[in-house]
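This briefing goes through the chains, the interfaces between them and some of the charged side-chain pairs. Keep the sequence and the 3D view at hand while reading.

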Amino acid sequence: MATRRNRRAAGAIALVVALATAASLLTAGGAGAGSQSPFALPRQETLYTSGKQWGPYTGFNPLRTGDYSTGTLGLLYETLFRYDPLKDEFVPWLATGGKWVGRNYVLTVRNGVKWNDGKPFTAADVKFTFETGKLTGSEYSTMWKTGLTGITTKGNVVTFKFGGRPNFQDWDTILYTMAMVPKHIWSQYSATEITTGNADENFVGTGPFTYAAGKGGSQTLQWNRRNGWWATKAYGLRMPMKYIVDIHNTSNTASLQNFLQDKIDLSNNFFPGIDKQIGGKIQTYYAKAPYMLSANTAWLVPNTTKAPLSDRAFRRALAMSINVDRIVTADYGNIVAKANPTGLLPTWNKWIDQAQAKKLGFKYNVAGAKAILAANGYKDTDGDGYVEGKSGGDINLRLIVPNGWSDWQTAIQIIADSAKDAGIKITPAYPDYNSLVDERNSGKFELVINNDKQLANSPYSYYDYLFHLPISETMTVVNFQRFTQAGAAPWALTLKFNKVKSTNVKLAKKYQSQIQKYILDYLPAIPLWYNGMWAQYNTSVWTNFPKARGKGLQTTPTTWNGYLNMTGIEALANLKRNT
Amino acid sequence: MSEVGHTESVSTGSAEISVVLVDEPERRFGSEVAHFAIRNTKFLIGLSVVLFFLVLAIVGPWLTDAEPFEFGFPTGEPPSSEYWLGTTAPGQDVFAQFVYGLRASFVVGAVAGLVAATIGMAVGFTAGYRGGVIDDVLSMLTNVVLVIPTLAVLIIVSAYLSVSSLLGEAVLIGLTSWPWAARAIRAQTFTLTSREFVSLARLSGRRGGKIIVTEIAPNMSSYLFLVMILLFGSSILIAATLDFLGLGPANVMSLGLMLNLAVSNAALQLGMWWWFIPPGIAITAIVGGLYVLNVGLDEVFNPKLRET
Amino acid sequence: MTRYLARKITIYLLTFFVAVTIDWAIPRLMPGNPIDGLISRINADPAASEELHGFFTKSFELDQPLWKQYVNFWWGLLHGDLGPSIAYVGSRVDELIWAALPYTLALLVPAIVLSYIAGNRVGAMAARRKVLDNTVLPVAYVLTATPYVFLALLLAYFVAFQWQLLPVSGAYDFSLQPAWTPEFAQSFLSHWILPFLSLFLVSFGGWAIGMRNLIIYELEADYANYLQSLGTPNRLVRKYAYSNAVLPQMTGLALALGVIVGGALVTEIVYGYPGVGSLLLTAIQNRDYFLLQGIFLFIIIGVLIANFVVDLLYVVVDPRTRTGLQGQQ
């Protein structure tokens with residue numbers, strides 16, 4: 001029989017185990033966090049951001065544009081120019097200017113810029129950076145395959161030589177998206193490390209902040225303000241915050257909690273229901289709907305190699321059966337806006353042939369959708385409420401979005417629900433992100449929502465996205481829908497447009513109007529809504545955030561990849577303490 | 001331990017329920033059981049709770065025009081006379097989701113319970129009746145599966161297989177929940193196998209399988225019934241957890257899925273209690289009702305437990 | 001006793017072997033290829049993708065024949081090396097798990113121990129007094145029937161969101177760094193208490209009910225009646241009953257471990273607590289074979305060790321096992 005002594009022994013064993021756990025916890029917790037500073041940062045000197053980083057802070061390679069941790073490009077590394085999408089202007093940054101001389105692009109490198117290890121930034125660094133595009137696996141290989149033949153430097157002038165007519169639109173984009181890396185550090189890295197690795201241990205950049213802590217599995221990533229940033233002298237820009245701490249996201253709702261409790265200043269998360277919280281200390285770019293700037297278009301991408309999606313009449317009927325207004329109001333609470341029938345973002349309004357879009361563009365019209373289906377041989381022969389294909393087989397389209405993207409999950413449920421009214425059967429599915437990418441890139445999918453193409457200096461990237469040829473076995477970045485039905489014409493026009501300087505407005509508009517006609521007529525992908533540049537501000541510690549009204553405040557308020565090197569840096573420099 | 005029988009502690013879902021085994025073969029049921037059952041408060045309470053939700057699951061969908069995945073209703077409304085359980089943030093009818101979800105939960109619980117019971121009986125009877133090496137092997141197999149945390153296995157497997165139907169989910173759950181049932185049945189079978197009537201049956205030349213079916217099983221039918229109730233309850237709990245993680249069928253509304261949708265749409269932050277509290281309470285009530293029902297029936301079947 | 005322990009150890013080793021094999025096999029039997037997912041995240045052009053595919057397949061050793069991968073797996077296991085992570089590029093799987101493990105243990109160990117002790121005590125008390133029985137028992141039934149998930153959500157909703165008393169998400173405030181300061185300790189505890197409570201309460205219910213039923217059963221047994229008829233004080237009779245009831249409860253503890261581990265995984269996910277559960281979720285969302293394997297392995301080893309500890313305790317508590325007489329099956 002169990003004696004008191006024995007039971008006590010058992011209890012003691014258990015307690016010791018518990019205590020040992022608690023002890024190991026604190027030590028391991030420190031190891032896991034991987035951070036160095038032993039005390040909390042002064043709140044008034046720190047800007048807390050969230051919303052960009054979902055994975056761990058392991059990537060710090062700015063040449064891998066999809067993968068680097070928050071702020072790597074923008075706070076640490078910088079680009080030759082920056083682009084202001086709201087003014088449609090280029091801001092000379094690490095370069096003081098550039099111009100085309102015949103087929104060559106002549107760039108002047110700014111004097112007096114120092115890397116944060118003290119060494120000077122020179123034309124040699126620019127040449128080195130551009131030449132990494134020649135390495136296997138580089139994201140910048142295209143320019144070397146489509147015209148760029150060589151680079152020469154003389155003093156602080158860099159000359160890019162092109163054989164044949166340069167792709168001006170592409171080139172403009174590279175000028176403000178390619179990060180400049182230090183030759184004296186990066187020449188030691190192997191080719192694989194530069195193109196697809198994350199081997200950077202040195203964090204040597206020209207930007208206003210240096211890496212402080214957080215690499216690895218930490219909850220936060222900390223950047224410290226550096227002295228000697230060149231832009232203070234050149235532009236009078238000074239960063240008001242000593243520290244920027246980005247917070248790793250576990251879920252949007254967890255970040256919402258912290259945001260509402262004044263622990264996060266600038267949140268670039270998507271917050272469900274935020275429209276009900278805006279007011280007082282919670283602010284956004286616009287004071288009224290749509291509250292947010294538009295950052296990218298959410299397209300419903302159909303696999304045009306599979307019936308019935310290969311039939312453009314069916315695609316049009318599908319487009320007309322989707323109640324996008326309901327997605328905008330019910331799913332998003334009006335923090336997004338319905339897309340133009342061409343799918344081009346509002347900042348490109350001047351390039352859109354509005355009259356043509358009005359005439360040829362699709363509208364939500366269930367009766368019209370039904371009529372088109374009936375007229376093209378899609379009938380409901382078995383009375384189940386859904387139409388069958390031309391040869392009689394059932395139509396059941398699988399529509400996929402990544403698991404966990406709750407707003408998109410709701411959106412495709414709404415799409416399926418509204419398409420039902422027109423008789424089109426859609427089944428939503430939510431595979432994990434990697435499986436979805438695999439299904440999409442290999443051409444196995446039927447319908448997918450995609451918004452990869454972001455705001456940029458020109459709609460060229462959108463035309464490339466829709467019409468790129470040739471089609472390979474895997475399409476990894478553009479033309480997931482494998483559209484070829486309009487022949488070579490739209491792609492040829494896109495290529496022609498690429499070779500037009502953006503200063504040649506008349507010619508640019510002419511080509512784009514023709515390309516847009518193909519979009520409207522053929523619907524290679526169906527534009528649904530503009531995803532917002534999610535930005536919510538909590539003004540309890542910092543104010544003077546980007547706004548539609550206010551002098552000098554029209555800047556891009558987000559820390560997402562590729563936006564700091566637009567006008568995000570100015571947005572940060574404009575902030576003021578809320579005293 | 002006492003001489004009458006011995007207790008077998010079993011874990012189901014989150015419960016630590018003891019089911020008492022009895023040595024005496026059971027008499028004919030009929031009115032004796034019914035007599036005691038009706039007078040047992042636990043049995044009555046448990047049964048009424050479960051029946052209430054069962055009826056709601058069956059009749060509920062007829063009471064509403066809305067479909068669980070239908071949109072177009074006002075967004076984020078609290079319960080009112082028009083929307084009995086309110087609406088979700090993107091504008092769906094919570095009551096519709098609730099009653100269809102109840103259906104799904106009952107279906108999964110029943111099918112998974114059946115699958116687990118079948119395997120458990122197969123393994124338990126065989127091990128208990130045959131004994132010896134077969135018993136050692138089966139026991140070892142049972143112990144191995146028993147130790148491995150069910151939920152961890154289910155999470156991993158469901159994540160890979162992308163379960164798309166209720167039946168698929170139920171079968172998966174059944175395939176991992178049978179061990180404790182096997183152990184309990186095996187222990188009881190052991191006891192019965194040593195009785196004279198079984199030896200007699202053996203002598204008369206009947207084959208093992210037949211003996212199990214005709215002699216042993218009927219004599220533990222009440223016990224089997226209790227085991228199945230517990231399996232039913234634990235399956236509902238496991239299914240709710242899997243659905244909450246998003247690992248259940250995504251296009252079939254279930255109570256766990258309601259919890260998932262509520263949480264990812266910030267129902268907690270926005271104070272939409274009507275979206276996640278009803279499904280949670282329903283699961284708790286049904287499973288709790290089943291446990292209480294189980295205890296009550298245990299008392300009915302085993303006079304020793306009846307409180308005087 | 002040695003025979004009893006030896007038998008137990010054999011079972012555990014066998015279980016370990018089977019579990020490791022299943023653990024290694026499951027990701028490989030499942031549809032999908034982890035390398036494809038990794039490649040898709042790198043926006044390289046098709047030619048480069050091909051090359052990268054080969055490169056990664058080689059570096060993750062997925063081009064070896066299956067039996068060789070299996071052997072390598074055991075080899076690595078014995079060296080404590082569980083391979084590289086695909087989701088957390090650059091980290092080793094064992095690093096990640098060791099970092100997350102203390103948080104899970106911080107929830108699990110106190111929850112298991114305290115709920116077991118408290119549950120048994122309260123259950124025993126309820127078996128004695130009718131008044132206590134009528135209040136405690138229904139509460140315990142409700143608690144044990146509540147899914148871990150729902151209790152976690154309820155606590156989060158009321159305590160954290162409505163009344164704003166405690167935080168939700170993370171193990172400590174993100175503006176602090178782990179250190180031996182009262183500030184950090186307070187932040188840590190305030191983040192810990194809710195997930196701990198939700199695990200504790202549900203398990204507590206189960207133990208209380210179980211103990212109460214067993215005590216009642218024991219008190220009805222012949223020996224108890226005999227002692228009472230001899231005039232033995234009730235307290236002594238209850239003590240004997242309790243001692244006997246503890247044994248099957250202990251057996252139950254070993255079985256309940258698997259359940260509460262599952263509960264901890266889900267609770268961590270609800271509260272965003274950075275333990276093994278959250279790591280598991282990330283591994284699933286990224287189809288990270290190696291991380292999944294590693295986590296599952298840790299869970300199995302942990303449960304086996306815990307089972308063994310319980311068996312040792314059982315030897316301490318039940319003298320019959322020491323003398324080689326009848327004991328638990």
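Along its sequence, chain C follows the pattern α-α-α-α-α-α-α-α-α-α-α-α-α. That amounts to 13 helices and 0 strands. The model is predicted.

**Chain C**

- Of the 329 residues in chain C, 61% count as buried.
- The accessible surface of chain C is about 13400 Å², and 67% of that surface belongs to carbon and sulfur atoms.
- Among contacts in chain C between residues at least 6 apart in sequence, 72% join residues at least 24 apart.

**Chain B**

- Chain B contains 12 helices and 2 strands.
- Starting from the N terminus, the order of elements in chain B is β-β-α-α-α-α-α-α-α-α-α-α-α-α.
- Chain B has 308 residues, of which 63% count as buried.
- For contacts in chain B with a separation of 6 or more, residues 24 or more positions apart account for 71%.

**Where chain B meets chain C**

- This contact involves 61 residues from chain B and 64 residues from chain C.
- The area buried between chain B and chain C is about 5400 Å², and carbon and sulfur atoms give 74% of it.
- Helix α12 (residues 273-301) of chain B provides the largest share of the side of chain B that touches chain C, with 12 residues.
- By class, that side of chain B has 39 nonpolar, 15 polar and 7 charged residues.
- Between chain B and chain C there are 0 salt bridges, and 1 residue pair is in polar contact (both at pLDDT 80 or more).

**Where chain B meets chain A**

- Here 17 residues of chain B are in contact with 19 residues of chain A.
- Chain B and chain A bury about 1500 Å² between them, of which carbon and sulfur atoms give 57%.
- On the side of chain B that touches chain A, the elements giving two or more residues are α10 (255-264) and α11 (267-270) of chain B.
- The residues on that side of chain B divide into 8 nonpolar, 8 polar and 1 charged.
- The interface of chain B and chain A has 0 salt bridges, while 3 residue pairs are in polar contact (both at pLDDT 80 or more).

**Salt bridges**

- Side chains of opposite charge can pair when their charged atoms come close.
- Over all chains, the structure holds 19 salt bridges.
- In one of them, E570(A) pairs with R82(A), and the closest N and O atoms are 2.6 Å apart.
- E570(A) lies in helix α19 (residues 564-574) of chain A and R82(A) in strand β2 (residues 81-84) of chain A, so this pair ties together parts 488 residues apart in sequence.
- R82(A) is buried, at a relative accessible area of 2%.
- D84(A) forms a salt bridge with K87(A), with 3.5 Å between the closest N and O atoms.
- Within that pair, D84(A) is buried at a relative accessible area of 3%, whereas K87(A) is exposed at 54%.
- E131(A) and K127(A) also meet in a salt bridge, at 3.8 Å from N to O.
- These two residues are 4 apart in helix α3 (residues 123-131) of chain A, so about one helical turn separates them.
- E131(A) counts as partly exposed at 27% relative accessibility, and K127(A) is partly exposed at 26%.
- A network of salt bridges links E45(A), K242(A) and R577(A).

Definitions and conventions:
Residues are numbered from 1 along each chain as its sequence is written. Chains are lettered from A and ligands numbered from 1 in the order in which they are written. This is a predicted model: local features need pLDDT of at least 70, side-chain atom pairs count only at pLDDT 80 or more; totals for chains, interfaces and linings use all residues. Side-chain values use heavy atoms; hydrogens and water are left out. Contact means heavy atoms within 4.5 Å. Buried area is the accessible area (1.4 Å probe) that two parts lose on being put together, summed over both. A salt bridge is a side-chain nitrogen of Lys or Arg within 4 Å of a carboxyl oxygen of Asp or Glu. A polar contact is a pair of N or O atoms within 3.5 Å; within protein, one must be able to donate a hydrogen and the other to accept it, and residues adjacent in sequence count only if both atoms are side-chain atoms. Ala, Val, Leu, Ile, Met, Phe, Trp, Tyr, Cys and Pro count as nonpolar, Asp, Glu, Lys and Arg as charged, and the others, Gly among them, as polar. Buried means under 20% relative accessible area, exposed over 50%, partly exposed in between (1.4 Å probe, protein chains only). Accessible areas come from the Shrake-Rupley method with a 1.4 Å probe; for residues, only the protein chains shown count as cover.
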